[in-house]
Amino acid sequence: MSKLFIFMPRLRTIGKTHVALWNAREKWGKPHMYVEYQHDQPSKDGYTNVTHNYELARQHFLTTDCDAFLAVEDDVIIPPHTIVALTDMNVDVAMGVYCLRQLPNHRWNAFVTVTENEGLSVTEDNVHRATKLAKNQEIAEVAGVGLGCTLIQRNVLENIAFEKRGNASNDWYFSLDCQTKGYGQFAHFGVICGHVMVKGTRYI
């Protein structure tokens, strides 16, 4: 990989995420472009704003000579080896793993099933398998879902836009489009990220 495009949609201001991303960029140590879209929220709907920022970034990315697009959302705290680990995977879509905020069970963002109407997290499907994957820092093919820490190859984004077509966020529809077009989605269970709670005072 010759050049990486790193994108953070800044809908909030959380210092921990910035520091974590800076550390990962330092550890990566290779050519990259870093872009933020700060407080660009044309809608009252949060999912619409997130999708808007992602699509702006995708269009910007396609005007560059970068080979891959790394999204790190502003409430996700990535470990220092994130960029190295995800780029070494050499897959269409490479995901870091984190807990979703929804109660009661804080499902992991890596889903084994994603359809138009429902999805099943790896922790809901088989919590013992999920624990083993994390313990052994394994890589597993998934059906997609949370884009909070995700590396996407250029050829994927040349063929898939970020869209909001229903009640879910753009990551749901991106996962479905990857399935339809045959792009592989893989989660790295050795890249475990923190996910800041809504008020920004705690993370899981």
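User: Are Phe61 and Phe69 buried or exposed?

Analyst: Buried means under 20% relative accessible area, exposed over 50%, and partly exposed in between, using a 1.4 Å probe and protein chains only. Phe61 and Phe69 are both buried, with Phe69 at 0% relative accessibility. Please keep in mind that this is a predicted model, where local features need pLDDT of at least 70 and side-chain atom pairs count only at pLDDT 80 or more, while totals for chains, interfaces and linings use all residues. Residues are numbered from 1 along each chain as its sequence is written, and side-chain values use heavy atoms, with hydrogens and water left out.

User: What kind of pair do the rings of Phe61 and Phe69 form?

Analyst: Rings of Phe, Tyr and Trp (its six-membered ring) pair if their centres lie within 6.5 Å; planes under 30 degrees apart count as stacked, over 60 as edge-to-face and the rest as tilted. The rule gives 10 aromatic pairs here. For Phe61 and Phe69, the ring centres are 5.6 Å apart and the planes lie at 75°, so this pair is edge-to-face. Phe69 also pairs with Phe162, and that pair is tilted, with 6.1 Å centre to centre and 40° between the planes.

User: Where in the chain do Phe69 and Phe162 sit?

Analyst: Helices (H or I, at least four residues) and strands (E, at least two) are DSSP runs, numbered from the N terminus. Phe69 is in strand β3 (residues 68-72), and Phe162 is in the loop between α6 (154-157) and α7, so the pair links distant parts of the chain, 93 residues apart. Phe162 counts as buried, at 4% relative accessibility. Ring pairs join Phe5, Phe7, Tyr54, Phe61, Phe69, Phe162 and Phe174 into a cluster.

User: Phe174 is in α7. How many residues of that helix are buried?

Analyst: Nine of the 12 residues in α7 are buried, among them Trp172, Tyr173 and Phe174. The expected span of a helix is 1.5 Å times one less than its number of residues. α7 reaches 16 Å from its first C-alpha to its last, close to the 16 Å expected. Just after α7, Gly182 takes a positive phi of about 80°.

User: What is the strand order in the open sheet of three strands?

Analyst: Strands of a sheet pair through backbone hydrogen bonds, either parallel or antiparallel. Two strands count as paired if DSSP finds at least two bridges between them. The order is β7-β6-β9, with antiparallel pairing. The edge strands, β7 (119-121) and β9 (144-145), each pair on one side only. Helix α7 (residues 170-181) packs on this sheet, touching β6, β7 and β9, and its direction makes about 65° with that of β6. Contact means heavy atoms within 4.5 Å; axes are lines fitted to C-alpha atoms, for helices over the stretch in contact, and angles run from 0 to 180 degrees between N-to-C directions. Strand β6 (residues 110-114) and β9 share two bridges, and Phe111 stands opposite Gly144 in β9.

User: How many disulfides does the structure hold?

Analyst: A disulfide is a pair of cysteine sulfur atoms within 2.5 Å, and the structure holds zero. Cys149 is in no disulfide, and its nearest cysteine sulfur, that of Cys193, is 4.0 Å away, too far for a bond. Cys149 is buried at 0% relative accessible area, and Cys193 is buried at 6%.
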